[in-house]
Amino acid sequence: MSLGRSPSSPTSDDSNELEVEELDESNGMLFEERFDRLLRGNIKSDCKFVVGPQKDVVEGHKLIFSMASEVFYAMFYGQLKEDSIVVIEDLQFDGFEGMKQFIYTGIVNFTSALQACSVYVAARKYLISKLSEKCITYLEGQEILPSEVLQLYECCKNNEIPEIEKKCSLVMQNKTREVVDSEYFLSANSGTMDTLLRFESLNLEYEQELFNHLERWAVAEAERCNICKNDISSYFNELKKNIRFLTMNGEDFTSGPAKSLLLTQEEKLAILLNIMDSNSTPLPDYIESSRKMRKFVPLISEKSFPASAIRTTFFDEEKFKSLLTGSIVSDCEFIVGPQQNIVKGHKLIFSMASKVFQKMFKQLKEDSVIKINDLELDAFEGMKHFIYTGNICFSSEIQACSTYIASQKYSIPQLGEKCINYLKNRDISPSDVLKLYEFCRHNEITSIVEKCIQIIQDKTLSIVESEYFFLVDIDTIDMIMSFQKLHLKSEIEVFRHFERWALAEAKRIGLSDDRIASNFNNLKKHVRFLTMKPKEFAKGPALSPLLTQEEKLNIGLNIIDLGSAPYPENLSLSQQERRFTFNEHIKNEQFFFNVALPLSLHDPFHVSDLSSFGCEFEIYVYKFKDNICFTLRLVSFCGGYLIALKTKLCVLPTDRKYNDLVFEEKSYFEFNESDYTDHGAEIRIVLAVIPWGKVNKACFIHKHRKEITIEGSLTLRSL
């Protein structure tokens with residue numbers, strides 16, 4: 001990239017800051033690989049950036065940053081040039097790192113929509129327009145997850161990215177339920193909440209549900225802002241005006257808003273009277289008088305249940321209203337859970353729903369306060385909601401499980417069925433499944449335990465990479481390691497993830513290093529060391545603190561020559577490989593690469609690394625008998641395959657008035673365990689051959705660089 005002028009020459013004071021390794025053109029290293037060397041830190045940096053609120057340090061090279069951005073050029077080489085440590089407080093670390101990767105390599109690997117937004121902010125600040133375009137293109141094509149849409153919306157709003165802001169708004173409308181159930185919802189700012197409340201169309205059931213979510217958010221906001229309970233009703237007037245109270249029926253209003261701290265008694269009365277008789281009394285100016293219903297679109301998962309199963313009440317409408325409005329005063333209290341939360345109720349209603357409650361109240365006689373220590377509040381509230389309405393809305397899988405426990409304790413089988421049906425039909429996230437499994441195992445919810453086990457086997461990799469994996473108990477790890485089928489690549493991965501957990505557990509329980517190897521014998525017995533290759537064992541388990549020196553020696557000897565040494569009794573003798581399903585779904589993969597081919601090509605040089613079918617490959621190019629040969633070499637091995645290869649090479653002319661010179665080749669090859677050696681050199685295939693005479697022409701040779709540019713693609717298809 002050219003800045004239109006040459007950077008100032010470093011002064012004598014700068015002469016020791018930059019150490020650049022001299023490279024010979026004939027050594028086979030591609031130009032872009034030199035920038036990769038800089039990125040990896042193989043060449044000493046001469047500047048540092050202290051980035052973000054965490055003050056993360058990122059090293060770099062003044063020249064490379066200056067080549068990419070006029071802002072960096074002025075910073076490092078302008079009249080007001082800064083020193084070699086630059087403090088950047090207004091960018092996120094992942095955004096700056098993404099920008100740095102693009103500056104050095106011309107590519108950027110986005111990890112999420114949020115990270116792409118952070119990179120965009122960095123690119124815009126430093127006027128790197130091509131990177132800005134890449135960010136926007138990625139965000140326009142990326143599916144925005146409900147769990148991240150609010151943060152992304154706020155980022156786009158704050159940084160004026162209208163096209164993505166609009167896309168976020170559509171997600172907020174189309175997936176409202178998932179958005180308000182997300183972890184970030186309670187942390188969203190008031191502007192975001194105002195936007196959400198103004199939408200005409202929402203993926204919810206009715207206006208009361210929207211109010212309930214506003215109330216959840218407002219309670220969290222009040223706690224953040226130290227707003228006392230008495231001030232809550234007036235503090236959120238600007239948001240309350242977006243709630244269409246007059247579209248609610250009396251039942252909906254009395255069951256929710258009428259009990260809320262967000263409304264004053266005067267507001268509640270005015271709204272209620274207007275619901276009962278329109279225009280019967282003036283409404284406060286900030287209360288919406290519209291009776292126009294929003295367009296509420298319920299979730300698909302809820303549509304799968306018959307309407308009668310969703311909305312069933314035990315009583316006629318008027319009696320139900322009386323209970324919710326408090327016209328019939330509660331006559332009992334439940335003190336629930338470790339937090340001693342008070343839940344009010346009516347003995348009759350609870351007794352009608354459950355013989356357990358009926359017997360309990362009969363025994364208590366005059367005492368109307370019941371302590372329930374073994375249930376969580378959300379479980380009891382969910383059960384109460386079902387008891388009073390015949391329906392229930394679950395907020396999470398754990399809450400559904402907790403409610404199921406309550407239904408079992410108080411013998412309410414219909415509620416138990418709803419809990420189990422919800423859990424069976426729920427698409428349980430890999431990040432939640434271990435916590436859910438342990439909860440269900442401890443509480444003997446067998447059917448959901450079986451579902452969790454199936455998910456653990458089918459999505460093992462995502463599960464072991466989740467945050468909760470490090471916190472699971474030893475019985476859960478024992479169960480995972482005992483499976484014959486796992487969604488991983490190999491036994492080495494099984495051991496590696498076991499080791500990650502074991503080291504975290506050792507730290508948690510304060511286990512000294514010299515006791516680690518002996519403390520996990522009951523788990524080590526599940527690792528099938530004898531299915532590992534010598535090189536795999538030497539690079540992994542042989543270096544692990546989970547094995548004693550004696551165990552490492554005896555395992556290694558038996559891998560090389562089974563029976564050549566005593567095998568530890570606490571370890572598995574199994575030579576049967578597990579079924580690793582990570583690679584089973586892969587059928588087709590396509591890779592692209594570029595080659596700047598020097599005219600002085602003599603020795604083979606590396607073009608690209610590929611990873612496919614659980615194996616690692618390398619592409620090399622070399623000159624042989626006046627031909628340019630592209631070859632594929634197997635580096636590491638997993639499984640056995642018959643693969644069809646399709647190679648396409650385009651030799652690009654230096655002037656676009658000429659056409660590309662295109663070569664296409666098809667080939668097949670198979671490999672299995674017997675083909676593979678530790679050197680990985682036995683499997684090599686020629687992908688394509690280009691006669692040197694066809695490309696050694698002026699229209700293809702770059703005059704100054706003395707090289708030929710070739711773009712290539714390689715498609716691998718499993719047969």
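This is a predicted model: local features need pLDDT of at least 70, side-chain atom pairs count only at pLDDT 80 or more; totals for chains, interfaces and linings use all residues.
Reader: Which element has the lowest mean pLDDT, and which the highest?

Author: Among the elements of the chain, helix α17 (residues 307-310) has the lowest, at 27. Helix α27 (residues 474-482) has the highest, at 93.

Reader: Over which residues is the pLDDT below 50?

Author: Residues 1-32 are one such stretch. The model gives this stretch 42 contacts beyond near neighbours in sequence. For residues 299-325 the pLDDT also stays under 50. That stretch has 44 contacts beyond four places in sequence. Here is the general idea.

Reader: Now the whole chain. How many helices and strands does the chain have?

Author: The chain has 33 helices and 19 strands. It has 719 residues, and 48% of them count as buried. The chain exposes about 37500 Å². Carbon and sulfur atoms supply 50% of that area.

Reader: What share of the contacts with a separation of 6 or more comes from residues 24 or more positions apart?

Author: Such pairs account for 66% of those contacts.

Reader: Which residues form a nonpolar patch on the surface?

Author: Leu-269, Leu-273 and Met-276 form one. Together they have about 300 Å² of accessible area. Leu-273 sits in helix α15 (residues 265-276). Its relative accessibility is 32%, so Leu-273 counts as partly exposed.

Reader: What should I know about phi?

Author: Most residues other than glycine have a negative phi. Look for exceptions. Leu-127 is not a glycine, yet its phi is positive, about 55°. Leu-127 lies in the loop between α5 (113-125) and α6 (129-141). Asn-226 is not a glycine either, and has a positive phi of about 55°. Asn-226 lies in the loop between α11 (207-224) and α12 (229-235).

Reader: Is Leu-127 buried or exposed? And is Asn-226 buried or exposed?

Author: Use the cut-off: exposed means over 50% relative accessible area. Leu-127 has 58%, so Leu-127 is exposed. Asn-226 has 71%, so Asn-226 is exposed.

Reader: On to charges. How many salt bridges are there?

Author: The count comes to 21. Take Arg-198 and Asp-194, whose side chains meet at 2.6 Å, N to O. They are four residues apart in helix α10 (residues 190-198), so about one helical turn separates them. Arg-198 is partly exposed at 48% relative accessibility. Asp-194 is buried at 18%.

Reader: Where do Glu-221 and Arg-224 lie?

Author: Both lie in helix α11, three residues apart, about one turn of the helix. Glu-221 is buried at 13% relative accessible area. Arg-224 is partly exposed at 41%.

Reader: Which residues are linked in a network of salt bridges?

Author: Glu-200, Arg-244 and Lys-292 are linked that way.

Definitions and conventions
Residues are numbered from 1 along each chain as its sequence is written. Side-chain values use heavy atoms; hydrogens and water are left out. pLDDT is the predictor's confidence in each residue, from 0 to 100. Helices (H or I, at least four residues) and strands (E, at least two) are DSSP runs, numbered from the N terminus. Contact means heavy atoms within 4.5 Å. Patches are made of residues with over 30% relative accessible area and no salt bridge: like charges are joined within 9 Å, nonpolar side chains (Val, Leu, Ile, Met, Phe, Trp, Tyr) within 5 Å. Accessible areas come from the Shrake-Rupley method with a 1.4 Å probe; for residues, only the protein chains shown count as cover. A salt bridge is a side-chain nitrogen of Lys or Arg within 4 Å of a carboxyl oxygen of Asp or Glu. Buried means under 20% relative accessible area, exposed over 50%, partly exposed in between (1.4 Å probe, protein chains only).
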